[in-house]
Protein chains: 2
Amino acid sequence: MSKKGRTAIVPTRNENYPEWYQQVIKAADLAENSEVRGCMVIKPWGYSLWENIQRNLDEMFKDTGHVNAYFPLFIPKSYFEKEAEHVEGFAKECAVVTHTRLEDDGNGGLKPAGKLTEELIVRPTSETIIGASFSKWVNSYRDLPLLINQWANVVRWEMRTRLFLRTSEFLWQEGHTVHESKEDALEETYRMLDVYAKFAEEYLAIPVIKGEKTESERFPGALNTFSIEAMMQDRKALQAGTSHFLGQNFAKASEIKFQNKSGSEEYAWTTSWGVSTRLIGALIMAHSDDNGLVLPPKIAPSHIAIIPIFRDEEQEKIVSEFIEKLLKKIKKLRFNEKKIRVEYDRRDIRGGEKNWFWVKKGIPIRLEIGPRDVATNSVFMSRRDKEVNEKESVSVEDFLNNLTSILDEIQTNIYQKALKFREKNTKKIDDKNEFYRFFTPKNKTNPEIHGGFALSHWCGNPACEEQIKNDLKVTIRCIPLDAETEKGKCIYCGKESEKRVVFAKSY
Amino acid sequence: MSKKGRTAIVPTRNENYPEWYQQVIKAADLAENSEVRGCMVIKPWGYSLWENIQRNLDEMFKDTGHVNAYFPLFIPKSYFEKEAEHVEGFAKECAVVTHTRLEDDGNGGLKPAGKLTEELIVRPTSETIIGASFSKWVNSYRDLPLLINQWANVVRWEMRTRLFLRTSEFLWQEGHTVHESKEDALEETYRMLDVYAKFAEEYLAIPVIKGEKTESERFPGALNTFSIEAMMQDRKALQAGTSHFLGQNFAKASEIKFQNKSGSEEYAWTTSWGVSTRLIGALIMAHSDDNGLVLPPKIAPSHIAIIPIFRDEEQEKIVSEFIEKLLKKIKKLRFNEKKIRVEYDRRDIRGGEKNWFWVKKGIPIRLEIGPRDVATNSVFMSRRDKEVNEKESVSVEDFLNNLTSILDEIQTNIYQKALKFREKNTKKIDDKNEFYRFFTPKNKTNPEIHGGFALSHWCGNPACEEQIKNDLKVTIRCIPLDAETEKGKCIYCGKESEKRVVFAKSY
């Protein structure tokens, strides 16, 4: 494994950030590419992250009054065509089912047969197919609000894919809600943005900026799209969740009408919002280091790895009895109202190898336990938020008493580190030359790494946004919701502006 | 709602069983057909049942050492073709993706474009696509056993569909495991059959028979298929879960090889096992009555419905304060180690209407609470395992003290009722004429209802099985694992037989 002075992950973040990302995933055994174009296989450790994301977000959705349901995987082409901007946005990259069986092709192979009269689209998102149900479910204002969420797989035929960040099939949740009024729908849109921000910050330990997307980055068919934007360690932005105010566009496309309190019929107001397995990509890129994955305890598949150290059978027996007792005590404890999960690593490989194995997997706490620790009733602890070789001997009593607060501290440290990183790499820029220099890579061998987030004025003209994008591959990530009104000049054209926006390169 | 002497569900089970089933689903608002051929929409109350099935089964899988992962939705046609019996079994009913985008058809519509060089099949089951990963994951005996489960949607293009029981898309879990030896793989196959049986009996309150399928009913590509079989109230059998011993068939098809302890390479032994949203169909048909759904408390989305009764604002205030206090106390209690869930029904409709609403939804306990109950510090309780009009006044103290045991009692009663029903309608039959009469409908207006399960001898000849199927639409559901060796004569041909098997009509 890693030798002195070397890192467990090669290359390092500074050497080649995109390749480092792939290697962290490989070293932690999170996922791999399948032989099906653009589709990934999510391996058990990676899928556990998704399960924890699901479980915690699902609770938050239910606490805000939402219920889950499930709608068809397939969307008839005619449904898909109902909202013009929507179909425009998704038609270029969708999987089309045209046949319903395979039959002998006469050459020992199989050919598609049973041609459908109307093609089916594998859902890239479900506004149109869910809208068809909602139009039947909603009749009166008494049926509103309708607050539904779906956990599902979706397919968008991406040409350039990257594990978790951009895959042809991905897992996500999509919330779809229907409201009586514009105000109610907008309130819901903001509420779910807040849920996402809270989840990103409190669970994933990723600080985010809540803001509105400009027109060019809006969801196809939405009136307003809001997002949470996070900074990765290459200083690019990653959109970690979106919440859309759809106005009456989809209600009109799907005929979602209701009788209002005064007895007349009107179109409803809808929202949709989603996060996906992309969050796992964000988690990896926000916290991992040159030794592998770093996981915030609230989202880690497991909290503690126990590595027994012994030379002979007699020692093994003593150490194993000690560990079994410890396991029982740990199992009684709770962290974040859930059981503390422990991996007792009894594999027949060297202790050092096990140690690096768990470092790379990002487990928050590692305990090495050998005969000396048994003799002093203590554990030899290392933490993933500290240096790999920083280990301390702690009495079992102290360890158990402090375990919850240690996990809390690790959670906080990981968040604070990410926050400081973002603050350090976020700059208010008012000079165009400085802005261009900021986004020009400093490190020639690793062109991914540039300045970070620029908070600069923008006049509101899409042409300025477009020019900057063409020149620098930099886009407006969002117009922050908490942006102060402040007189300034557009960073591109110099015209008057009222607000700073977040400019960045992005995933 | 329901008038005296009438039932909430029309028709009743006796009048028209298949239609009764549809009406129970409608009345409980569990699911509906979508406009996409054969695909259903699972509505929130129905989806909650699936969530509870998932949560509890998932714990059981993890307790037996399994971990979850996720594999691609799409299977390249060439993978699909690798196992001959397998492709034969599924090629006739699969959704085929042939294109990757839609483009303008010149007539204002869209046509498929971006033709794939190799068609993709939407997974009907994942042996072949998971096998492709396993062949990379398994190298040495040290990598075994590999115990993986996937929660996913699958598609089988069914021509005649029925909500939950048979739909073109359905939700399921599929376990896929790899082992060193035949013995290990068989042990796993039986272990998971036991898990399914335990889950069906303890959670769904459905008694099941564990047994092996005959060759004609085997999973395509399996060496042995085992199933749990349950009796529905029309006395038909429903296969509620299957566990397959795949031998080395799929290991050979997917090249899953490993180096054994003595250093030579051999093919691994695999299993697969699954249950689906069909379980919800089983749950409905096993327990519901002519007033709607009946839910075992361990799987119910919610345990208690509270219906406030008041005449004026003053009464409403008193009743509502009383209920709020009660809710706080209930929330502190646990049933089956989980929170007790309560629906406080404050809708602006009549109490009687609410009562029937919850009867039809199958909620285990209903509480009506009015000013008189407040005055006596009691609740007016009715239970779904008893008659709708059987209500009793219980002091709040007794109610809270006994709540867990009441829920346990309801769970047990529902199970016992189903068990008695099965016992009453299961018969050892040794005479061919009697066998034929047993499976001939007695009720001409409801031809679905016939004798039940026949325990009869079978010589092992597929021809006898086939003849009985052609004559009566009766099949061998399984050869029970606990069948005693007993000399007898084949019910069809009269040849010698060693064991009785379960004959039944089935879903």
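Reply: Happy to. Please keep in mind that this is a predicted model.

Most residues other than glycine have a negative phi, and most peptide bonds are trans. A:Arg235 counts as buried because 22 C-beta neighbours fall inside 10 Å, where 20 or more are needed.

A:Glu337 also has a positive phi without being a glycine, with a value near 65 degrees. Its place is the loop between β16 (334-335) and β17 (338-339) of chain A. A:Glu337 is exposed, because its 6 other C-beta atoms within 10 Å come under the limit of 12 or fewer.

Next, the cis peptide bonds. One runs from A:Val10 to A:Pro11, with omega near 0 degrees, and A:Pro11 belongs to the segment before α1 (17-28) of chain A. Another joins A:Leu144 to A:Pro145, with omega near -5 degrees. A:Pro145 is found in the loop between α5 (127-137) and β7 (146-155) of chain A.

A further loop of chain A, between β18 (342-344) and α10 (351-361), holds A:Asp345. With 18 other C-beta atoms within 10 Å, A:Asp345 is partly exposed. Leaving aside residues up to four places away in sequence, A:Asp345 touches A:Ala305, A:Ile306, A:Ile307 and A:Lys354. For A:Asp345 and A:Ile307, a separation of 38 residues in sequence goes with 5.6 Å in space, C-alpha to C-alpha.

In chain B, helix α10 (residues 351-361) is worth a look too. Its buried residues are B:Lys354, B:Asn355, B:Phe357, B:Trp358, B:Val359, B:Lys360 and B:Lys361. Their cover includes α1 (17-28), α2 (44-63), β15 (304-308) and β19 (365-369) of chain B. After α10(B) comes B:Gly362, with a positive phi near 80 degrees.

Now for the contact between the chains. Chain A contributes 45 residues and chain B contributes 46 residues. On the side of chain A that touches chain B, strand β5 (residues 96-104) of chain A supplies the largest share, seven residues. Sorted by class, that side of chain A has 28 nonpolar, seven polar and 10 charged residues.

The β5 strands also pair across the contact: three bridges join β5(A) to strand β5 (residues 96-104) of chain B, and the two run antiparallel. Within this pairing, A:Val97 stands opposite B:Val97 in β5(B).

Chain A is superposed on chain B by a rotation of 180 degrees with 0.0 Å of shift along its axis, at an RMSD of 0.0 Å. That is the relation of a two-fold axis. In chain A, the C-alpha nearest the axis belongs to A:Val97, 2.1 Å from it. The same surface serves both copies, as 100% of the contact residues of chain A recur in chain B.

Methods: Residues numbered from 1 in each chain as written. Chains lettered and ligands numbered in written order. Predicted model: local features only at pLDDT ≥ 70, side-chain atom pairs only at ≥ 80, totals over all residues. Helix = DSSP H or I, 4+ residues; strand = E, 2+ residues; numbered from the N terminus. Contact = placed C-beta atoms within 7 Å. Nonpolar A, V, L, I, M, F, W, Y, C, P; charged D, E, K, R; others polar. Pairing = 2+ DSSP bridges. Least-squares fit on C-alpha atoms with pLDDT ≥ 70 in both.
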